[in-house]
Amino acid sequence: MSLTTLHDRGVIARWRAHLPVSEKTPVISLNEGSTPLIHTPRLSAIVGRGCEVFVKYEGLNPTGSFKDRGMTMAISKACEQGAKAVICASTGNTSAAAAAYAARAGIACIVLLPAGKIALGKLAQAFMYGSKVVAIEGNFDDALRLVREIGETEPIAIVNSINPFRLEGQKTAAFEIIETLGDAPDVHIMPVGNAGNISAYWMGYREFHAIGRATRLPKMIGYQAAGSAPIYHNRIVEKPETVATAIRIGNPASWEKATAAMRDSGGAVDIVTDEQILSAQAWLASHEGIFVEPASAASIAGLMKCCGQDRCTTCPLPAIPEGSRIVCTVTGHGLKDPDVASKQIGNITTAKADKRAILDLLAT
Ligand code: F0G
């Protein structure tokens, strides 16, 4: 076994022919991608009419979110171009991925985070991976504006999704779904924050459709948190709020691309409340064994909202034909946000370390 092939299972190695890389590009990888597409029978039953729902579990990437797909590209290209430092604004997952891949590349990483609004696991990652953490007295949109300004004057590469290599890497999730299912699904559902990921998936689906690897294109349906829904309301939200801090964004960078993806695919954008998000998060963990962070549960909450008893009228989901295949991307791991998850912990029952005592307790 050679040391180079040991790390040769990542997104760039697997999809090289479809990515803007050359022999000169150093591959900075942590073996990201190739995440499982999990069939979810109980979720499928909620949708009914013979539809099958699959979950693309992106929380199983090396830093626990889909950001690793884009970051292997962004950091590899930054290194190819001779960058010695990278910078990003983040609600937590981009910074975790940037910090990890920069560490792997041996270059510096600076992350600008909205103070007090980063889930604990993600903050720990930024520090553990050795990035320079700056907490901004403002929200993600303020942090991204500052990153753009710094990028204009300083020799530091920006690795937010305004860097086109990020979306190139992230589109590979759509390739994997087509490869696993043998074709594109009928509907693809995902959470929308800065709006890069839905744009990336749409690019991936269209590319594989264009070369005949898929016979159809899915309807792209995006869900925003009700308190942070600029695309849904078609206006900038100055003070976005949601328990799903990953998508607490009021002025998404890829707004137009995402709108085009949803429009051109015959899809839609809709909203889910914090309550719906948290209940979908707990439901998915306890009914399908898949623990995701709150932002990721927005796609599940949306599916339940539109296909459950409380059907909404604004999105095309209730009208999808019988036997449709639906894929929901769940973007980040549940352990990223232990604070939110720990609120679900009920009263812990204690017992003597004795078999009889435990069985008595279980009988009550
Ligand atoms: N889900 C999770 C877990 C995220 O971290 C993000 C974005 C999204 C969904 C939305 O994806 O921005 O491409 O529409 N997180 C960014 C970050 C903003 O800084 O980590 P998007």
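I looked up the strands and found 4 of them forming an open sheet in the order 5-4-3-6, with parallel pairing. Strands here are DSSP runs (E, at least two residues), while helices are H or I runs of at least four, numbered from the N terminus; two strands pair if DSSP finds at least two bridges between them. Strand 5 (132-136) and strand 6 (157-158) are the edge strands, each pairing on one side only.

I then checked how strand 3 (residues 85-89) meets strand 4 (residues 108-114): 5 bridges join them, and they run parallel. In strand 4, Ile110 is the bridge partner of Ile87.

**Ground rules.** I noted that this is a predicted model, where local features need pLDDT of at least 70, side-chain atom pairs count only at pLDDT 80 or more, and totals for chains, interfaces and linings use all residues. Residues are numbered from 1 along each chain as its sequence is written, and side-chain values use heavy atoms, with hydrogens and water left out.

**Ligand.** Who surrounds the ligand? I got 20 residues, the closest being Ser90, Thr94, Asn194, Ala195 and Thr331. Near means a heavy atom of the residue within 4 Å. The shell divides into 8 nonpolar, 10 polar and 2 charged residues.

Next came the polar contacts (pairs of N or O atoms within 3.5 Å). An N or O atom in the Thr331 side chain is 2.6 Å from a nitrogen atom of the ligand. A polar backbone atom of Asn197 is 2.8 Å from a ligand oxygen, and a backbone N or O atom of Gly196 lies 3.2 Å from an oxygen atom of the ligand. I also checked the cover: taken alone the ligand exposes 470 Å², and the protein buries 98% of that (Shrake-Rupley method, 1.4 Å probe). Helix 5 (93-105) and helix 10 (196-210) are the elements that give two or more residues to the shell.

Most residues other than glycine have a negative phi. I found Asn31 with a positive phi near 60 degrees, in the loop between helix 2 (11-15) and strand 1 (37-39). Arg49 has a positive phi near 50 degrees and lies in the loop between helix 3 (41-47) and strand 2 (52-57).

Note on methods: Polar contact = N/O pair within 3.5 Å; in protein donor to acceptor, adjacent residues only side chain to side chain. Nonpolar A, V, L, I, M, F, W, Y, C, P; charged D, E, K, R; others polar.
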